[in-house]
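Morning, everyone. Let me put the structure up.

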Amino acid sequence: MRNTCIILILMVMNFCMGSSVVANPSDARPRTDANVFGHVVDATTGEHLPFVNVLIKGSRIGTITDASGHYMLTNLPEGPLTILASSMGYALAEIDFEAELKTTKEVDIHLAPASINLSGITLTASPTASGFRYQPDAVFMGEQIQRRSEPSFGEMLNGQPGVSMRSFGSAPARPVIRGMDGDRILVLENGERMGDISETSADHSISLDPLAASRVEVIRGPASLLYGSSALGGVINLMTTDIPDQWDANVSGVVSVQGATMNNMGAGFGRVTIGRESNAFTGRFALRQAGDMTTPEGAVPGTSMSNYDGALGWGINTERVNGGLSFSLSDQSFEIPESVDVPEEDVEIRAQRMAFQGRFGKNLSGQFFDQAQLRFNTTRFHQQEVGIERPAGQPAVELIGLEYEQYAFSSTLTLQHKPVGILARGALGFSLNGQSLDVTGDESYTPGEQRFSMATFTFQEVPLSNTLRMQFGLRLDFQNSQALPNEVFPEVRLSRNAFNYSGSLGLNIRPFEGLEIGAQLARSHRNPMVEEIFADGAHLGAGVYEKGNTQLNDEIGHGGDVFVVWERGSVKMELTGFVNDFANYIIFQPTGEVDESSGYEIFQYAEGKARLYGNEFSMGYQITDRLSWQSSMDWVRGRRVIDNAPNRNLPFIPPFRWRNEVEYDYVKGWVGASYMAVRRQDQVAPDEAVTDGYSLLGFQAGYRLNTVGQHVLIVRVENALDTKYRDHLSRIEDRNFVMPGRNVNVTYRWFF
């Protein structure tokens with residue numbers, strides 16, 4: 001597959017760079033010696049603008065300005081023509097002129113600065129918001145998020161191409177990208193690490209309610225240069241408006257309520273923003289409660305949840321600076337399914353997070369750097385795993401067996417520079433990350449950890465022609481990690497220093513309108529987490545006995561992916577392929593043994609060479625103005641690279657999925673249906689259970705009303721046939737529980 005992709009890229013590069021003038025049926029007029037040249041300049045500052053796309057309207061005759069802002073188009077058709085000039089951050093310019101036989105005319109073009117429409121640009125993948133893609137991505141905002149409203153981000157994004165869900169009940173459900181979990185993918189809040197411990201274990205949740213997110217960005221593939229060196233799988237950025245970024249000089253807000261039948265869930269959310277000319281203040285609050293989830297086999301005890309979170313924020317936007325500050329607080333309490341045979345025993349997770357965030361941007365007047373942004377997030381996170389016994393006729397007895405307390409800091413300074421030489425707009429950045437995690441309690445299965453890292457990175461784009469653009473980036477990290485002893489691990493003294501580097505090289509090719517090809521190669525570097533090295537004990541919340549490995553080495557990954565997007569009329573298709581090779585891949589695998597004292601299955605951290613590869617395909621077809629159809633498929637395979645091994649499969653790899661959605665949108669509302677078929681997963685690791693295939697049917701309807709604000713009512717029916725199934729990535733499946741049954745979900749939102 002890789003050889004085929006490389007050949008395809010080289011063929012398209014050769015096609016694109018062979019000529020700046022491409023024949024088109026609409027250009028069938030006789031050619032002359034009519035030429036036009038000139039400069040493209042900023043209408044406000046008079047600065048010459050390099051790398052601006054210049055095109056003759058109605059044709060494919062075009063070029064790109066050089067480093068001095070100069071352009072030239074030759075051998076034009078005689079007669080009236082229109083020049084189109086476009087560049088990120090400027091309004092489209094249209095200039096009419098008359099092309100005359102054997103005449104060269106000078107036409108200068110002035111571009112007016114304009115605000116950038118970011119709705120379709122994935123900021124997480126590019127600090128310059130250039131709009132060029134080098135890996136597949138997706139953006140969800142506005143009504144798209146409302147339609148996917150779920151108790152957790154894992155459930156919200158599950159089913160998107162390449163994205164599945166690690167489930168342990170609704171609350172701790174976490175996204176999995178291309179079969180990779182943990183800190184091989186990063187879950188961020190407003191571009192910075194969240195400071196919780198959701199990446200460490202299946203029973204840990206993301207400490208933000210989905211109702212609070214105003215925008216969710218998903219990057220499949222290596223987008224970690226700006227955020228860390230380990231995330232070869234991808235990045236999910238959860239963006240809120242706790243720091244207002246744009247507002248009107250009045251009072252605005254949103255109120256939302258949600259209910260579900262599967263677990264008797266009720267949720268409410270509200271946000272209000274008070275805007276002034278240059279300042280704004282905002283506040284939000286969310287509350288969610290749910291009982292045990294129900295399945296076709298009955299209720300699953302120990303899956304209830306209760307959480308709330310809120311935030312206060314301030315924003316500023318003047319000629320000199322923009323940004324603001326926010327303070328947020330979240331409190332989560334959810335049960336973990338322990339055993340249906342002992343209903344008087346429960347396990348409850350109680351977690352709190354306090355976060356203080358800031359973001360400030362400034363336009364610079366330097367000759368090289370012209371924009372700067374500083375972000376930071378400092379957090380305190382506290383979590384308890386509580387065992388609760390309810391003897392008949394006696395008060396409940398609580399025992400805190402495991403407790404986490406973490407203080408974390410994450411900050412990034414990004415400097416954007418002007419186009420220079422062969423480079424378009426690019427960025428240079430610096431980041432600091434630190435955390436101190438204390439683990440206490442009689443059931444501590446791992447010591448604590450203290451980490452500090454500092455890094456510098458650069459992200460650059462090079463326009464090679466008006467249809468071909470190259471990206472390259474490099475990140476250098478220094479990290480110090482030290483195990484912190486506790487009462488169970490009093491002798492731990494290991495300290496590690498590591499110098500890491502990660503990098504990427506990408507191409508974006510747009511040979512003609514409607515076709516886009518992107519490809520990227522990347523290197524990642526991941527240091528083992530403390531539990532992977534030292535774990536030795538029963539983990540009550542996860543329901544397994546974990547054994548670490550002090551001999552683990554740093555995990556090195558090399559990844560490559562390519563995507564092709566084709567759009568013509570009412571049809572849009574995207575095909576992706578990826579390969580990720582790892583040296584010293586750290587695997588959490590079952591051993592087939594059971595710990596006698598706890599009764600839990602023993603899982604061992606091991607390492608070895610591994611490869612994950614797969615494909616994703618999606619297609620959208622606008623059948624009529626109101627009727628549309630969406631279809632997607634994805635699959636991934638994970639293999640250990642071991643000669644002559646009878647079974648080389650990696651554990652916890654999602655099976656093949658095929659999803660279809662049809663929708664009729666009549667402006668005031670919509671109705672639709674979905675169908676997802678999941679293949680039997682029998683490509684399993686040694687001692688890993690096989691899961692059968694299944695199919696799920698769902699329905700959705702919505703209604704929009706614009707009166708005294710905007711009102712949206714959404715009704716969803718999930719698993720409409722009450723199908724009994726087990727998801728291969730569900731850790732509940734390890735305890736022989738099936739997934740949720742039929743669910744009716746109702747959401748109402750009022751924007752004012």
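First, a term: buried means under 20% relative accessible area, exposed means over 50%, and partly exposed is in between, with a 1.4 Å probe and protein chains only. By that scale, Y613 is partly exposed, at a relative accessible area of 26%.

Now the ground rules. This is a predicted model, so local features need pLDDT of at least 70 and side-chain atom pairs count only at pLDDT 80 or more, while totals for chains, interfaces and linings use all residues. Residues are numbered from 1 along each chain as its sequence is written, and side-chain values use heavy atoms, with hydrogens and water left out.

On to the rings. A pair of aromatic rings is described by the distance of the centres and the angle of the planes. Rings of Phe, Tyr and Trp (its six-membered ring) pair if their centres lie within 6.5 Å; planes under 30 degrees apart are stacked, over 60 edge-to-face, and the rest tilted. How many aromatic pairs does the structure hold? There are 12.

Take Y613 and W635. Their ring centres are 5.9 Å apart and the planes stand at 90°, so this pair is edge-to-face. Y613 sits in strand β35 (residues 601-622) and W635 in strand β36 (residues 627-640), so the pair ties together parts 22 residues apart in sequence. Strands here are DSSP runs (E, at least two residues), numbered from the N terminus. W635 is partly exposed too, at 27%.

Next, Y664 and Y666. Centres 6.5 Å apart, planes at 25°, so stacked. Y664 is partly exposed at 34%, and Y666 is partly exposed at 32%.

There is also a cluster. F588, F603, Y605 and F652 form one aromatic cluster.

Which rings have a charge over the face? The test is NZ of Lys or CZ of Arg within 6 Å of the ring centre and within 35 degrees of the ring normal. R133 lies over F563, at 4.5 Å from the ring centre. R469 lies over F132, at 4.1 Å.

Last, the patch. F409, L432, F452, M454, L474, L476, F478, F499 and Y501 make a nonpolar surface patch of about 810 Å². Elements giving two or more residues are β27 (448-463), β28 (468-484) and β29 (495-509). The largest share, 3 residues, comes from β28. F478 is in strand β28. Its relative accessible area is 30%, so F478 is partly exposed.

Methods:
Patches are made of residues with over 30% relative accessible area and no salt bridge: like charges are joined within 9 Å, nonpolar side chains (Val, Leu, Ile, Met, Phe, Trp, Tyr) within 5 Å. Accessible areas come from the Shrake-Rupley method with a 1.4 Å probe; for residues, only the protein chains shown count as cover. A salt bridge is a side-chain nitrogen of Lys or Arg within 4 Å of a carboxyl oxygen of Asp or Glu. Helices (H or I, at least four residues) and strands (E, at least two) are DSSP runs, numbered from the N terminus.
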